[in-house]
Number of protein chains: 2
Amino acid sequence: MFQQTCIAPVNIAVIKYWGKRDEELILPINDSLSMTLSTDQMCAKTTASASSNFKENVMWLNGEKVAFDENPRSARCLKEIKRIASAKGQPKFPLNLKLHICSENNFPTAAGLASSAAGYACLVYTLACLYGVEDEELTQIARQGSGSACRSLDGGFVHWKKGDNPNGSDSLAHQVISPSSWSNMRVLILVVNDSKKKTSSTKGMRLCVETSELINHRAEKIVPQRIENITKAIKTKNFTDFAEITMKDSNQFHAIALDTFPPCIYMNDVSHSIAEFVHRYNELAGETKVAYTFDAGPNACLYLEEENVAGVVAGLKLAFPNDNAGNVEYVKGIPINGQSYEAYKFKSNGSNLLKYIIHTKIGEGPKRLEECEGLLNEAGEPKKLIQ
Amino acid sequence: MFQQTCIAPVNIAVIKYWGKRDEELILPINDSLSMTLSTDQMCAKTTASASSNFKENVMWLNGEKVAFDENPRSARCLKEIKRIASAKGQPKFPLNLKLHICSENNFPTAAGLASSAAGYACLVYTLACLYGVEDEELTQIARQGSGSACRSLDGGFVHWKKGDNPNGSDSLAHQVISPSSWSNMRVLILVVNDSKKKTSSTKGMRLCVETSELINHRAEKIVPQRIENITKAIKTKNFTDFAEITMKDSNQFHAIALDTFPPCIYMNDVSHSIAEFVHRYNELAGETKVAYTFDAGPNACLYLEEENVAGVVAGLKLAFPNDNAGNVEYVKGIPINGQSYEAYKFKSNGSNLLKYIIHTKIGEGPKRLEECEGLLNEAGEPKKLIQ
């Protein structure tokens, strides 16, 4: 049996990907740019095994057996990896061996945190390691699993170029700066209590491209300039410029989602209260200390530098208090130094509007793990079925 | 003493006015188009008296004494009316007489229903009647009180052309069709329970023009086509096209408000649930029976034809039930026929999310009233101080 286990990170876009020009190849209408989060707090983990004992390709995702060959996206990722392995000659094992794949996220799906990006990045990276395929074309393959997955194949800040070729060969992601270049960059994930079903990203994007009269103007006229400006801000570690562009682009993404017909609404009243909190915090501080961004759901992701974490968290506890009736800590993740930080006085928006907060930081790309850390046993069955 | 009393209607835009190119003259960056609501349910009422006994210009607004000469907008309206009266020669009375003006809305300010539009339209129309000034330039004057006031000077559907002249001389409103041309057009105003303070329209517009990268594209490329298309829909009474353009333009207005920095949020979760209700209702009906539009606040305005009122109201009572603990009727205004209408099954979004619903219809422009209906007594003092 041949086996490989890897982990891959979550990434959060600061210039948003919204809209495909090719649904099949997952080619975007505009560039996007994200920060990779540390795998210490959140990651996808995948074990892939190949064996002549296996009768068919099987996958377990978060403890549940799911279709693999029948899922066109995962099937395409495997096919592409095998194509490269075959083209390079001398594969490590026969390409016709069937696979058992087990994958899980160490963070609740409830967090709504682009779990498919981390998941497909991890799948592609793990398969690439298993088949001994080099890295260079991997972002192109991960993109065909889930668009933003291509940005989880590297650490630090990552730029996904939309590319121009109809076959997608130049729609690739590359690192802008390494995580060590801006090592004090922190992130607070604010998980909002919400049960409302949202339009899926895939459907929302398609409908937006079909019906919004603003989306093309954004993609063609606005995003290119923003990519240039935020890249400069990131390379010079100019937090003020970085924060302003990040917040503006989050708002604009939700604006074009609202301009869809029927409209796609992802932020709720609590999300907007969080944005208001951030603007107020910066106003009180007299400078930009923190930035928000929201993906296709109500949860907020706040970017801030390490020295401002204690102050912002203290403010959040006032503005969004939590009874914490269960055993769950309200603020998880990296321990917060400077608990005695005197916060600005914020009025409560109401209790328990947030489920919890995850404190994490900028991080590295995917990593190989030791065999003992694998999710499959010697028989190629999951060691445990989570959930 | 010379005295005049008039009423003027509320208007609700279907193509939204958002953004000024001249703050002083109140010149918009795009055309807008609205429907005038019947004064039977909602109106502003103003009495203006001129007398040699009056020492200064005084105004009572909704029972409260307010500055008149110190308010640049009301002072400008008076100055313009006097200028025309003077230019036409032979004024009915000396132009240096001081005025007492009393104005009130018969609907709660809480309804957030463009009360300033009806108010300034009524002020300008009343002053014009008092000074014996003809109608032709009135929309230009009302516009300088509150932009959208110019659209309340006529009934039916009204088109406010942005104009091109820097002095505003061609920024005028004119009727598209009379109320009798689409006499079965009804409106439901859904007043949302909400206490959140919103950014004022004036401030929101200015910030949007300064910071949104989408607003000019909307004003220059999108609105002109929409004005053309909705005018055609209105003239041919094509409800389906009318409804779709109306809903899209409401969404787009809120999209550019969200693209402002910091963002301006006017719709809340309940507003979005109402929009969702409307899309679902039309889906169940298999055709477009009802349209929503939202101004700079959370309240909804639904457009629909008379035969669909009973069905939509029945659906609204299921989706937005109200305990009606007070003495207030939940659905006010025009009585609803066909109470036994079998509604589609809607799940409740929660109780008391709406304060009440006003049922009204398309209506006429401002009207002169008899002297006995005036708000000022012989001494030029308010007959009653409301509120």
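This is a predicted model: local features need pLDDT of at least 70, side-chain atom pairs count only at pLDDT 80 or more; totals for chains, interfaces and linings use all residues.
Which residue in strand 5 of chain B stands opposite B:N11? B:T36 does.

Strand 2 and strand 5 of chain B pair in the antiparallel sense. Strand 5 covers residues 32-36, and the pairing with strand 2 runs over 4 bridges. Both strands belong to an open sheet of 4 strands in chain B, ordered 2-5-10-11. The pairing in this sheet is antiparallel. Strand 2 (11-15) and strand 11 (173-177) of chain B each have a single partner strand, so they stand at the edges, with one side of each left without a neighbour in the sheet. From one strand to the next, the twist averages 35°.

**Two helices in contact**

Now the helices of chain B. Helix 1 spans residues 72-87 and helix 2 spans residues 115-131. Their axes come within 10 Å and cross at roughly 30°. Angles under 35 degrees count as roughly parallel, which means that helix 1 of chain B is roughly parallel to helix 2 of chain B. The crossing of these two helices is right-handed.

Helix 1 of chain B brings B:R73, B:S74, B:C77, B:L78, B:I81, B:K82 and B:A85 to the contact. Helix 2 of chain B answers with B:Y120, B:L123, B:V124, B:L127, B:A128 and B:Y131. By class, the residues of this contact divide into 10 nonpolar, 1 polar and 2 charged.

**How the two chains relate**

The same surface serves both copies: 100% of the contact residues of chain B recur in chain A.

**Backbone details**

| Chain | Cis peptide bond | Omega |
|---|---|---|
| A | A:F261 and A:P262 | about -10° |
| B | B:F261 and B:P262 | about -10° |

A:P262 lies in the loop between helix 6 (239-258) and helix 7 (269-285) of chain A. In chain B, the loop between helix 6 (239-258) and helix 7 (269-285) holds B:P262.

One more residue deserves a look. A:K237 is not a glycine, yet its phi is positive, about 50°. A:K237 sits in the loop between helix 5 (215-235) and helix 6 of chain A.

Technical notes
Residues are numbered from 1 along each chain as its sequence is written. Chains are lettered from A and ligands numbered from 1 in the order in which they are written. Side-chain values use heavy atoms; hydrogens and water are left out. Axes are lines fitted to C-alpha atoms, for helices over the stretch in contact, and angles run from 0 to 180 degrees between N-to-C directions. Angles under 35 degrees count as roughly parallel, over 145 as roughly antiparallel, 65 to 115 as roughly perpendicular and the rest as oblique. A crossing is left-handed if the near helix is turned anticlockwise from the far one by less than a right angle, and right-handed if clockwise. Contact means heavy atoms within 4.5 Å. Ala, Val, Leu, Ile, Met, Phe, Trp, Tyr, Cys and Pro count as nonpolar, Asp, Glu, Lys and Arg as charged, and the others, Gly among them, as polar. Two strands pair if DSSP finds at least two bridges between them.
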